[in-house]
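This briefing is intended for reading alongside the sequence and the three-dimensional view. It is arranged by topic.

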Amino acid sequence: MSKAMAAQPASPLSRFWHKWRFHINILLVLIPLGFMPRYFHDVALFRGTSGLGERTVGEVPVGPWSITLAEFRAAPPELDGPAGYMKTFTGALCKECISQVKATYLRIGKPRSLRAAGGIFFGSAYRMGATVPLPPRTKADAELWITMEGWDGSVHQAAVPLEQASPATVAWLQKQQGGKP
């Protein structure tokens, strides 16, 4: 009886596994390696070793101070649940103004007051981040407003055209509005 059991042919799956197991295991090692460049790019971006972001806007003077502004990801805004579409920017204060600036805010459209100044930058003064909501009726010619509040109570503002700050967002807005500029 043992000879009859040993004489049974192997199943097709068993034959496939025994023939191709080495190749399948090699694939299981190689497939994750394909995602490694993106992983290392993201790690460098989050650590700041590749700069402030994927696309640097440049140094923006805000009253007596300045901030180097960058678009964190050069991509269209991302949907963030009920908050709507959001865009992330990073910034670094100038070395002379680090001790003078209390808070830095970012907003699309001119703020009505300091209470509505927008999203606050968080993090160290050398690498701050802010996430800005895109209002539903944002036009392609909108401006990104930077508001800085000093420890002495002074408030200074500056505007950067959204086209200069984030061309990908402007292209996305034009697409959303049916190609209207």
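The model is predicted. Its chain is divided into domain 1 (12-50) and domain 2 (55-178), and the C-alpha centres of these domains lie 38 Å apart. The structure holds five salt bridges.

**Domain 1 and the annotated span**

- An unreviewed UniProt entry carries the annotation "transmembrane region" for residues 20-40.
- In the model, residues 20-40 are 95% helix and 0% strand, and the end C-alpha atoms of the span lie 32 Å apart.

**Gln8**

- Gln8 is placed in the loop between α1 (2-6) and α2 (12-34).
- Gln8 counts as exposed because its relative accessibility is 58%.
- His18 lies ten residues from Gln8 along the chain, and 16 Å separates their C-alpha atoms.

**Salt bridge between Arg73 and Asp42**

- Arg73 and Asp42 form a salt bridge in which the closest N and O atoms are 3.2 Å apart.
- This pair links distant parts of the chain, 31 residues apart: Asp42 belongs to helix α3 (residues 36-47), and Arg73 to the loop between β2 (65-71) and β3 (78-79).
- Asp42 has a relative accessibility of 17% and therefore counts as buried.

**Salt bridges of Glu71**

- Arg55 meets Glu71 in a salt bridge, with an N to O distance of 3.9 Å.
- The two residues are 16 residues apart, with Arg55 in strand β1 (residues 55-62) and Glu71 in strand β2.
- Arg55 is partly exposed, at a relative accessible area of 25%, whereas Glu71 counts as buried at 0% relative accessibility.
- Lys87 also meets Glu71 in a salt bridge, at 2.8 Å from N to O.
- Lys87 is in strand β4 (residues 85-93) and Glu71 in strand β2, so this pair ties together parts 16 residues apart in sequence.
- Both Lys87 and Glu71 are buried.
- Elsewhere, salt bridges with shared partners join Arg38, Asp42, Glu54 and Arg73 into one network.

**Nonpolar core**

- The largest nonpolar core has 31 residues, and those with the most contacts inside it include Leu93 and Met148.
- Beyond four places in sequence, Leu93 touches several residues, among them Ile67, Ile98, Val101 and Met148.

**Glu149**

- Glu149 is located in strand β9 (residues 143-150).
- Glu149 is buried but has no salt bridge; Lys102, the nearest side chain of opposite charge, is 4.0 Å away.
- Contacts of Glu149 beyond four places in sequence include Trp65, Lys102, Tyr105 and Leu114.

Key:
Residues are numbered from 1 along each chain as its sequence is written. This is a predicted model: local features need pLDDT of at least 70, side-chain atom pairs count only at pLDDT 80 or more; totals for chains, interfaces and linings use all residues. Side-chain values use heavy atoms; hydrogens and water are left out. Helices (H or I, at least four residues) and strands (E, at least two) are DSSP runs, numbered from the N terminus. Buried means under 20% relative accessible area, exposed over 50%, partly exposed in between (1.4 Å probe, protein chains only). Lys and Arg count as positive and Asp and Glu as negative; His and the chain ends are not counted. Contact means heavy atoms within 4.5 Å. A nonpolar core is a set of buried Ala, Val, Leu, Ile, Met, Phe, Trp, Tyr and Cys residues joined through side-chain atoms within 4.5 Å. Domain bounds come from an automatic or database domain assignment. UniProt positions are given in the numbering used here, feature names are shortened, and annotations may be inferred rather than shown by experiment.
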